[in-house]
Amino acid sequence: MPMSDGELILREHESAVVPSSRLGERGLDALALAPADLLRVRLVRRGVEIRARSVTGVVELGGLRVRVLPKLFPDGVAVLSWLAYAAGVPVDAESSRTWEVGAGGLRDLVTAALVSECTRLVRDGLRLDYRREQAVDTVLRGRLDVRAQVTQRYGQIDRLHLDRFGRRTDVWENVVCRIALDEAARTAGSLPLRKAARTVAAAFPLAGRDVGWARRSLRRARHHRLNARYRAAHLWASVLLDGGGIEDLLVPGPWRAGSLLVRTDRIWERAVARACVECDGSRDDTVAALAPIRVLEDGAAARTFRPDASLVQAGPVRVPVDAKYKDYGSRQVTGNDVHQLLTYAMACSVPDAEPSAVLVHPVVGRETHRTIRVRSGRRRVGRVLVVGLDTRRPPTLAARSLDTLLALVSGAGAASEQQVRPRAGVS
């Protein structure tokens with residue numbers, strides 16, 4: 001693995017051995033508390049072996065910076081565009097062309113996106129809302145504070161002490177952006193990016209709040225007609241501050257400032273779910289979920305599991321669509337995944353129709369599709385349409401391709417077939 005002075009570069013599911021002296025005591029403590037399913041750490045003879053799972057981003061570990069590059073996305077810009085698509089927020093195409101990956105890696109891209117959105121908010125005008133305030137004025141606007149008027153002005157009326165509501169910018173939407181921009185100005189790896197964040201931050205109010213308050217505000221944030229234009233800025237602020245936004249996408253841990261990891265598998269699952277919404281033509285942001293599947297065993301309690309697949313209308317039937325963040329563009333679908341998709345297909349099957357399901361995976365290259373047909377003798381058990389969406393393309397275009405390929409489920413199917421003939425069940 002490439003390792004320069006102070007930096008280690010890994011790809012997803014790759015590992016490298018780092019001498020313990022390079023990490024320091026703080027780095028070793030941080031790695032010891034890292035989630036094992038995201039960053040696996042193992043002591044070996046030559047030091048510490050670090051293996052990245054389905055994550056991408058940058059981690060500061062004492063005197064060493066670890067950059068994890070995506071494997072099934074071409075670059076960090078693609079990761080951010082798919083993340084924004086999964087969250088349902090737009091990405092400014094003009095500003096995204098200027099995004100660059102420096103020493104800060106993915107964190108600098110998130111910072112650039114935050115600065116871009118906050119600049120747009122300043123240009124369009126920050127949101128104002130009525131806030132209660134104590135003021136002194138020469139005109140009676142609001143309610144007269146009689147007690148303050150008597151005790152401080154001794155009854156004089158040249159200046160009036162007022163208790164009123166005024167329109168101000170120090171509402172939570174703006175304060176959260178200010179805190180995130182201040183954090184970006186402190187931790188961004190690029191000097192021009194730090195300066196840009198500091199310049200934009202000056203236009204936002206700072207009401208004496210801290211990062212903890214911003215995280216709590218982002219977790220309970222509700223966007224409506226009046227503050228909908230803040231949604232994109234708050235998404236990038238939540239990613240930068242680890243304050244919520246999209247649940248389960250961020251990797252928690254005792255990281256130092258400058259660290260940021262996102263779960264690429266969760267991004268893919270959420271993006272495919274949103275693509276299913278667009279394919280289904282629903283007016284809301286949800287599609288029908290597959291009903292819980294019960295497993296009954298004599299002499300044992302019934303077990304229930306809830307599939308994460310979505311149901312999409314394909315011709316006269318609804319078929320389950322499941323997302324897999326795996327490299328199925330260059331290898332066959334595993335038996336476990338075939339079993340899982342066939343179970344979903346049977347759960348949604350209708351009489352006189354072949355049970356069908358769709359598996360969607362990412363590819364860095366041309367889109368692919370093929371059909372897996374499972375037979376037992378002459379009997380058709382079911383089929384699985386395996387669709388590979390090109391992550392180099394904008395997510396909206398990839399969603400349209402998925403909509404087109406779903407027609408293969410209800411039609412004759414022009415995709416190439418991969419026959420699976422089980423001995424006793426599916427292999």
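## Helix packing and burial in a predicted model

At 1.5 Å a residue, the 17 residues of helix H10 (residues 264–280) should span 24 Å, and the end C-alpha atoms of H10 are 24 Å apart, which agrees. The expected span is 1.5 Å times one less than the number of residues. Helices (H or I, at least four residues) and strands (E, at least two) are DSSP runs, numbered from the N terminus.

This is a predicted model, in which local features need pLDDT of at least 70 and side-chain atom pairs count only at pLDDT 80 or more, while totals for chains, interfaces and linings use all residues. Residues are numbered from 1 along each chain as its sequence is written, and side-chain values use heavy atoms, with hydrogens and water left out.

Buried residues of H10 include Thr 264, Ile 267, Trp 268, Ala 271 and Val 272; buried means under 20% relative accessible area (1.4 Å probe, protein chains only). Leu 8, in strand S2 (residues 7–11), is also buried, at 1% relative accessibility. The C-alpha atoms of Leu 8 and Val 18, 10 residues apart along the chain, are separated by 8.7 Å.

The axes of H6 and H9, lines fitted to C-alpha atoms over the stretch in contact, come within 10 Å and cross at roughly 45°. That makes H6 oblique to H9. The residues in contact (heavy atoms within 4.5 Å) are tabulated below.

| Helix | Residues in contact |
|---|---|
| H6 (residues 172–187) | Trp 172, Glu 173, Val 176, Cys 177, Ile 179, Ala 180, Glu 183, Ala 184 |
| H9 (residues 231–241) | Ala 233, His 234, Ala 237, Leu 240, Leu 241 |

How values were computed. Axes fitted to C-alpha atoms, helices over the stretch in contact; angles between N-to-C directions. Parallel < 35°, antiparallel > 145°, perpendicular 65-115°, else oblique. Buried < 20%, exposed > 50% of the residue type's maximum accessible area, 1.4 Å probe, protein only.
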